[in-house]
Amino acid sequence: MSYIDTLLARNEAFAHEQAAANTLMPSLPEQLPHVKALIVGCADMRVDPAQLLQLQPGEAVVMRNIGGRVTPGLLQQLSLLGRIGDVSQATPGGDGEFHIVVLHHTDCGITRLADDHDLLAGYFEIDTLNLAEKAVADPDLAVAADVATLRAVPALPAQWLISGQVYDVATGTVRVIVPAAPLRAC
Ligand SMILES: [Zn+2]
C-alpha cells in the first residue's frame, strides 16, 4: 500500500465517522459566526495548531507559512478572507469575541535563514537594511513585531483581540509573549 492509499483510507474512515455523527459542515455562511479565532502559525510539521491547541473542527481559521510571519502575502490572504466574510454576510465570531493569535515557535527553521538577507527581504518585501525589525532569529521579538504589524492594519476590526505566543517544541508548552488585548483602542 502506498502512502497516498494510506491517506485515502484514513479519509474514508473520517468521512464515515463524520457523516454518522452528523458533524460535517456543508455550508460556510452558517459556520462563520461560530469561528472563534484566526491563528497565524508556522508551516513546520511539529507545530500544527489543530494538535497543540486541540482545536475542534470549525473552531478556528489557521493560516500557516514559513515562520508564521505576517508578510505582505499573508496580509493579502487576510484581505481575501475578509471579503469571503463580507460576501457571506456573516461576521467571524459574531456571537462573541474574536481572537487573532500569532503563534511562533522555538527551533524554527526560519532562524537558519537569518543570514540570507536577500531571501528574507524578498519574503517580507522590505529593504535588507530593515530586516532587523523582523527579528528573524528571535521568536519572542518576532511575535511582538508581527502583532505590531497586524495592529497597524486599519481594515481589521478594532475590537478583535490580538495576542502573541511562542510554542516550545521541547516542552510542548505555549508561552504568552503578548497578552490578548483589542487590536486598537475602540
Ligand atoms: Zn517554524
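A pocket, as I use the word, is an open set of grid points with protein on both sides within 12 Å along at least five of seven lines. Keep that in mind for this model, which is predicted.

Pocket first. The largest pocket holds about 570 Å³ of space. How many residues line the largest pocket? There are 27. Nearest its centre lie Leu-78, Leu-81, Gly-82, Pro-92 and Trp-160.

Which element gives the largest share of that lining? α4 does, with eight residues. α4 runs over 72-88. At least two lining residues each come from α2 (28-31), β2 and α4.

Nonpolar residues number 19. Six are polar, and two are charged.

Next, backbone. Most residues other than glycine have a negative phi. Two residues to look at here.

Start with Gln-54. Its phi is positive, about 50°, and Gln-54 is not a glycine. Where does Gln-54 lie? In the loop between α3 (49-52) and β2 (60-65). Is Gln-54 buried or exposed? Its relative accessibility is 59%, so Gln-54 counts as exposed. The cut-off for exposed is over 50%.

Then Glu-125. Phi of Glu-125 is near 55°, again positive in a residue other than glycine. Glu-125 sits in the loop between α5 (117-124) and α6 (139-151). Glu-125 has a relative accessible area of 58%, so this residue is exposed too.

To recap. The largest pocket has 19 nonpolar residues in its lining, and α4 gives the largest share of that lining. Gln-54 has a positive phi, and so does Glu-125.

Terms used
Residues are numbered from 1 along each chain as its sequence is written. This is a predicted model: local features need pLDDT of at least 70, side-chain atom pairs count only at pLDDT 80 or more; totals for chains, interfaces and linings use all residues. Side-chain values use heavy atoms; hydrogens and water are left out. Helices (H or I, at least four residues) and strands (E, at least two) are DSSP runs, numbered from the N terminus. Buried means under 20% relative accessible area, exposed over 50%, partly exposed in between (1.4 Å probe, protein chains only). On a 1 Å grid over the protein atoms alone, a cavity is a set of points where a 1.4 Å probe fits but cannot get out, and a pocket is an open set with protein on both sides within 12 Å along at least five of seven lines; lining residues have an atom within 4 Å of a point. Grid points are joined across faces, edges and corners, and a volume is the space filled by probe spheres set on the points. Ala, Val, Leu, Ile, Met, Phe, Trp, Tyr, Cys and Pro count as nonpolar, Asp, Glu, Lys and Arg as charged, and the others, Gly among them, as polar.
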